[in-house]
Amino acid sequence: MFLEPTFRWYGPEDPVPLNFIPQTGATGIVTSLHYVPYGKLWTEEAILERRKMIEAAGLTWSVVESLPVHEDIKTGAPAAKQYIEVYKQSLRNLGKVGPRVITYNFMPVLDWVRTDLHHRMPDGSTTLFFDEVQFAAFELFILKREGAEADYSADTLHKADEYFRGLSDHESFRLRRSIIDNFPGFKGVTLEDVRDMLARYRGFTRERLEENLYNFLSEVVPAARDAGCIMVIHPDDPPRSILGLPRIFSTIDDIQKLLGMVDDPANGVCFCAGSFSARRDNDVVRMFKSCADRVGFMHLRSTQIEGGNFYEASHLGGRVDMYELVKAACEEQIRRRKAGRSDWRIPIRPDHGPDIMDDLLKPPCPNPGYGGLGRMRGLAELRGLELGIMRSHYPAELN
């Protein structure tokens, strides 16, 4: 495969065993040290131990996803400088013994958000779903966020009220857990935890969050460059304001602003097609082409929008023109190789996949969207698409 096929693995507790992953066609692993608390140092010993585990399965640790950014850095709290210094040392350690592509995000409080982790599709599979009415009900009546009603139309407020009144206690609990308690390395989050984190962002503007991102990048990008690493930021998911907080990496303008903050090849993009596609006015292929030379990692997935809602579509379906996106990625790799870049291959992974076939008969995956079979199907589709593109358009490059 011309692109580097990878598979996300959550560590020894992942229900998809590491030694099964070569059967998917992946050659690389995307993972993190989820047991290390946010803000703590990644030691050389811990990184090397994980790398050896992966290599023993005949695979390569291709990408770190993610090296988390502590909330104090995002808020610009007094302890931010201390956490940035720890982050820089973790980067130096990764540069010595670990993978060189480092994914992070700068989303306040919550990372990706869905309201239903097992939405039933017509073919019987289940997928991840974001429902605006359900999320409004969570904000208004479960979290009880002050001022949340101002973020919704009167119609949505009415529907959210009706929806919440119809929930059983178990359904209300399940909605809460689906939204706030599904992040690796950040389990056991309570409503009080979320309220406490939100309080630290009171009065926050987009400009203030951007300033804190700049302060972070201006310190860590030079450290990453010196360590031989590249920092790649994951888009906001979904690409809209959540919990009344600003989101600053959702559009093509955000991409250009981010790359311009610290204009350095070590300041790059994790191009998540699925995250960008959940915003109706985003042209995903155009967005990729606008930053192709700074893309260090790609998530190839797609979503389908229904009004204010969206769900994870099949890897070749939904809003993303996957043919044109993969073709553009292949062209970028050809350009890099001709330019003599040693890092010309772009790691890609199928990202979220539906639960299908006998995965539906197993206990729910503790990492929603990361069952084995749905992602394996997605990777097979993407590998076939890429081979067709390369054989049809660039056969000489396969030699």
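**Exercise 1.** Is the crossing of H8 and H9 left-handed or right-handed? Characterise the geometry and the residues of this contact in the predicted model.

*Solution.* 
Step 1. Locate the two elements: helix H8 covers residues 206–227 and helix H9 covers residues 252–261. Their axes come within 10 Å and cross at roughly 40°.

Step 2. Classify the angle. Angles under 35 degrees count as roughly parallel, and 65 to 115 as roughly perpendicular; the crossing at roughly 40° therefore makes H8 oblique to H9.

Step 3. Assign the hand: the crossing of H8 and H9 is right-handed.

Step 4. List the residues that make the contact. H8 contributes Arg206, Glu210, Leu213, Tyr214 and Leu217, while H9 contributes Asp254, Lys257, Leu258 and Met261.

**Exercise 2.** What is the strand order of the open sheet of four strands, and which strands are at its edges? Describe also the pairing of S6 with S11.

*Solution.* 
Step 1. Read the order across the open sheet: S5-S6-S11-S10, with antiparallel pairing.

Step 2. Identify the edges. Strand S5 (116–120) and strand S10 (303–306) each pair on one side only, and they are the edge strands.

Step 3. State the twist, which averages 35° from one strand to the next.

Step 4. Examine S6 and S11. Strand S6 (residues 126–130) pairs with strand S11 (residues 309–312) in the antiparallel sense, over two bridges. Phe129 stands opposite Tyr311 in S11.

Definitions and conventions
Residues numbered from 1 in each chain as written. Predicted model: local features only at pLDDT ≥ 70, side-chain atom pairs only at ≥ 80, totals over all residues. Heavy atoms only, no water. Axes fitted to C-alpha atoms, helices over the stretch in contact; angles between N-to-C directions. Parallel < 35°, antiparallel > 145°, perpendicular 65-115°, else oblique. Left-handed = near helix turned anticlockwise from the far one by under 90°. Contact = heavy atoms within 4.5 Å. Pairing = 2+ DSSP bridges.
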